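Have the structure open while you read.

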Amino acid sequence: MTSYKLARRSFLRACGGSAALMLPLLRSMEARAQGIPAPKRLLILHHSQGSPIDLWRPAATATTTTFTLPANSAPFAPLQSKMVMIDGLNIVTDSLQTTGISGGQNTSEGGMVALMTGAPTLGRIGQQDHCAGGPSIDQILLDRSPLLGGALSSSPTKTPFGSLQLAADIRSSRDEVAPRVMSYRSPTGNADISRARQPLYPETAPLDTFKRVFAGPLPPGTDPSVALARELSVVDFMRGDLARLRNLAPSSERNRIDAHADAIRQLESTIRMALAAIPSVCTSPAAPPTFPTTTGRQSFAGESTNLSGVDYFDPADPNNHPHQVLGQTYLALIKTAFLCDLARVVTFSWSSGTSWVSFPTTFDGATLSPGIASLSSPHYPPLSSMSADAQGWWAAIDRFYAQQSSLAIQNMAAATDVDGNSLLDNTVVVYVTEVSRRWDHDQRNMPLLVFGGKNTGLKGGTFLKIADGPLPTQTGLTGNRPFNDFWLALAPAFGVTLSALGSAKQFTGPLSGLLR
Amino acid sequence: MSRYRVEIVALLAAGLLAACSRHPVQRSTGTAGSAVGGAGARGGGGAGGVVGSGGAGAIGATGSGGAGTLGSGGAAGAGIAGTSGGGALGTAGNGGGGGTGGSTVACAPLSPITRRLWPLLPAQYGNATRDLLSLATVPPLPVTPTSTLPPLAASTLPIDATYLFGLYQTAGAIATVVAPRANALAACGAGETDAACATRFARSFGRRAFRRALDDGEISAAMNVFTTVCPGPSASCATAADFATAINLMIKAFILAPSFLYRTELGPRTLTANAAGVYPDTTLTADEVATQLAFLLLGSTPDAGLMAAADSGALDTPAGRLSELNRLLALPAAQANVTAMVTQWLGVDRAADNVKAPALLSPLAAPDQDPAVIAADLRVSWDRTLTATLWSSPPGKVTDLLTAQTVFANRRLATLYGLPGGTMSNVTFDPIAWPAGQPRAGILTHPALLWAVSDPVNANIVERGKLIHDAIVCADPLGPDPDLNTPEARAVIQTGDSEATRSDARLASGNLCATNCHGELDPYGRLLHAFDAAGNYRTVDEAGRPIDASAMLTAHSPLGPMTSSGPVSFASALVSTNVFAGCAVQRLFEATVAVRAPNRDTCPVNDLRAGFNQSDGTMASLIRQITLSDYARARAGGTR
């Protein structure tokens, strides 16, 4: 059996000059050896187009601690003791553009931006491309929380990659940015709102992410320590040149240069990851496969996208479900990235808010009638049909996402973290969507689940019914609260106090009952 | 005579400058033009109006007082000669003299471009590395989130961690390809030490890679890369292979450095901010002008001629810039690049991605009904059409694009579109006149364009209308689009049994969008309704009803309220009113400087239009007008 001291020596020797950057891994090993607390992590996991409320929310007789999950939330039942279900939150959009723009209320596009930033938009481009007017909550927490070790923070616990933005599919109607991006940095002051917003575009190819995060390219047949020195000299040259540009450029380029500097820092992390031996606590996953990609202009029912994506339904191989495999591959990479302490904040989306993922006309027992299918499917989900078969078909797809997401979270629960506890004991997973009701994009009573084990402070096994707010419910009563109240309540789980988020109408105060 | 006057006289003598050069920006009341092309005003054509717009000099960087051109109903006002503006940022001279009587319509000002970094797009990165290193092919380039967007939006491309890692992989692949040639690229002289050779290489290759001269500190930094392979005070390499490896590593460092990844538009490096932290306004350096021209016209890094012109100081003068621009415009590569810009402006680059229903391709035998093959044919036809019009000898006018009555076709296209094919092959494309029964209007009805903006089955009146609205007439933005996902909107959208009747429902619905968007868009689309989704002429629609291709345009249209009988009369109006030419100026201006004109009546664009209207109307003149303008070269200093 290898002793910890021996492992530490061999690890540092393998790291060579990169020992400083490998400290997160070293800390992981030491944490395991010494029983010190593991880091906290945050995963915000998005699925699109809401969930049918009657199949999602427990019956009216449910109590805070005694509740049964209906069909579409039932896949999460194995996690119920580590889960808080919240009902009674409304997405409230707002906009700095005052000419009658709401910031996209009751749209998937506006919903994505409001959900993640909680802030008024800068305005809208084209039909529904709402421009984020603030940083997203994951970046806010990353920057402010010493527990999350942000790349830009001065925290000594910062991780090699800070945060990851990943998606199984990003195709969006009219190629709009709003529905396909979850994370944003703070906007710039550019008068052109399309340039002022600062989206952190998600990666969509697991193999590329794997190479970037776990194993950068290593020149064959080269001594790793020699290769490391050479590659780092290239990085130093890049960094020095950027510093020169920073001195010459006006302040309007500062955000761009900051982002570039962070990119160089992450590239250095990639190089060091590739050229240093990684201890067993952080076993590099197998290289993911590539997936059959739908490319080129796709159009239907007056909508179109030019973005590429991977469909659930592969006509050439009906038994193959690449969308599902791709999503699970990413979720497995996220789990390993957490265990390796390469990043503590991740956003993952199954699809854009205006999903273009193709599903078969008959899916999990639900079949679209030919009339409905001719309007939108078999390739793409029907836009706003209220017909029973369309609703049933979409409910089946919603259930699919619940099943797949639950499976991934269960895998986190089964993984052993560096402190010997379950990875989920140290991880908060927020399962979100951008509208509550698919057919009209209503944003009242947003479906929301939060998962986290014993070290997260979450009150697991809770059904939190909100009734003390000023906003309307889906049934026309009042009692709901703005969605931002949830983020305000969650922030303390990461050692952050947020007293406000968004405009005055977008929050009332932190929810009670979420954390112990 | 001032240096400026000498230059203008020389240009006029060379026949390169249009009839007059005028002050860049003026108000009809004769107020002084602002520095860097500030707000101006256009004289409206009111009854008895005297003064029109103060126009820009045809290509001049600065100019004398302007003569109004747009006023109607009265004589154009003679401008008062402005004092010479000393450079683009100018101290622009006094404005042209204003007349009286016409109403004054303010044009929208356009702020000067603040000094900036402009990231290379992936394709530009590929071209630049190819040209720098004489690569036969470029290794795979990273896909970016903005790859599908037009250049204007793509200029927002962030160099984030994902993209930089992609470039790192590409650079690694390039280094592998270049490795065997590294010694040859360094071209060490006899007796030259490794260090001396490497230093010389860093200076010369760095000059080309960074598109400017490197200072000693940068050379030293590059040598730090070299010495990781060949260490020691003398940086002497143990073997020739080590030397090659070290050179190769330097190349990799250069093509990953920010100075390579960004076009810098920062002005002189000696620029310093004042005590308040404000940098003075400036102009692009000669190296930056070379870079601007190179990426605009060659899609790549400056060629040897541009480098030499920058080094010699030629690009510091209007004549020198014009000379280099004319040289580039004569190159097939530049012509192809401009043609590609036009293609992208008009959205035809999307054609290759658009599949079509087999029924639309029924004139062809089944093996020939592959949409990808037809789309590729159409792109060739389109490119040949543009090239024949814009770059022939002598070149045609930009507006000739709307009047051409021939189409380049191979046998496949001839069969599909009912052209006399004869003994044609599928390999060669010949110019064929459209049959008399098919009323066509140049590129407006070119099948490639129609194919690109149509759905797989439907002609898509709205998309076609939007194309004409945005890209053919450059009407002002309609404001935010409606929410089409409301039950009320869906009810309107789903009313009707054909595209025409659905369009009728949209037009009849007053509340679909607040800005009457479909009242603006649909009429344009209806003008093209006699062409199906593949671009084939038809007389009845999908419901079997006769097609009426006439349309009534609203007052919002740059053509004004009018009824057009179909695409031919519409195209004729576009030509006679200069609306299409003006739109070409606007869209290519935006693509050149990566700045969006807020509306059609934007001051610097108006000035360029006025200048272009007095030129010979060719694409070369249009490019000259834009790229040699003050606006394109001037930069606001910004703050520290």
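## A helix with a buried side

In α19 of chain B (residues 499-508), the buried residues are B:Glu499, B:Ala500, B:Arg502, B:Ser503 and B:Arg506. They sit on the same side of α19(B), because they span an arc of only 160° around its axis. Bear in mind that this is a predicted model. As for what that buried set packs against, the partners are α17 (461-472), α18 (487-493) and α20 (517-527), which belong to chain B.

## Where chain B meets chain A

Between the chains, 51 residues of chain B are in contact with 50 residues of chain A. On the chain B side, the elements giving two or more residues are β3 (116-119), α4 (161-178), α7 (216-226), α8 (240-256), α9 (258-261) and α18. The largest share goes to α4(B), with seven residues. By class, the chain B side splits into 24 nonpolar, 14 polar and 13 charged residues.

## Two helices crossing

Next, take α22 and α24 of chain B, whose axes come within 10 Å and cross at roughly 50°. The two helices are therefore oblique to each other, and α22(B) passes α24(B) in a right-handed crossing. Here is who makes the contact:

| Helix | Residue range | Contact residues |
|---|---|---|
| α22(B) | residues 579-593 | B:Ala584, B:Val585, B:Leu588, B:Phe589, B:Thr592 |
| α24(B) | residues 619-627 | B:Leu622, B:Ile626, B:Thr627 |

Sorted by class, this contact has six nonpolar residues, two polar ones and no charged ones.

Technical notes:
Residues numbered from 1 in each chain as written. Chains lettered and ligands numbered in written order. Predicted model: local features only at pLDDT ≥ 70, side-chain atom pairs only at ≥ 80, totals over all residues. Buried ≥ 20, exposed ≤ 12 C-beta atoms within 10 Å, placed from the backbone. Helix = DSSP H or I, 4+ residues; strand = E, 2+ residues; numbered from the N terminus. Arc of directions from axis to C-beta. Contact = placed C-beta atoms within 7 Å. Nonpolar A, V, L, I, M, F, W, Y, C, P; charged D, E, K, R; others polar. Axes fitted to C-alpha atoms, helices over the stretch in contact; angles between N-to-C directions. Parallel < 35°, antiparallel > 145°, perpendicular 65-115°, else oblique. Left-handed = near helix turned anticlockwise from the far one by under 90°.
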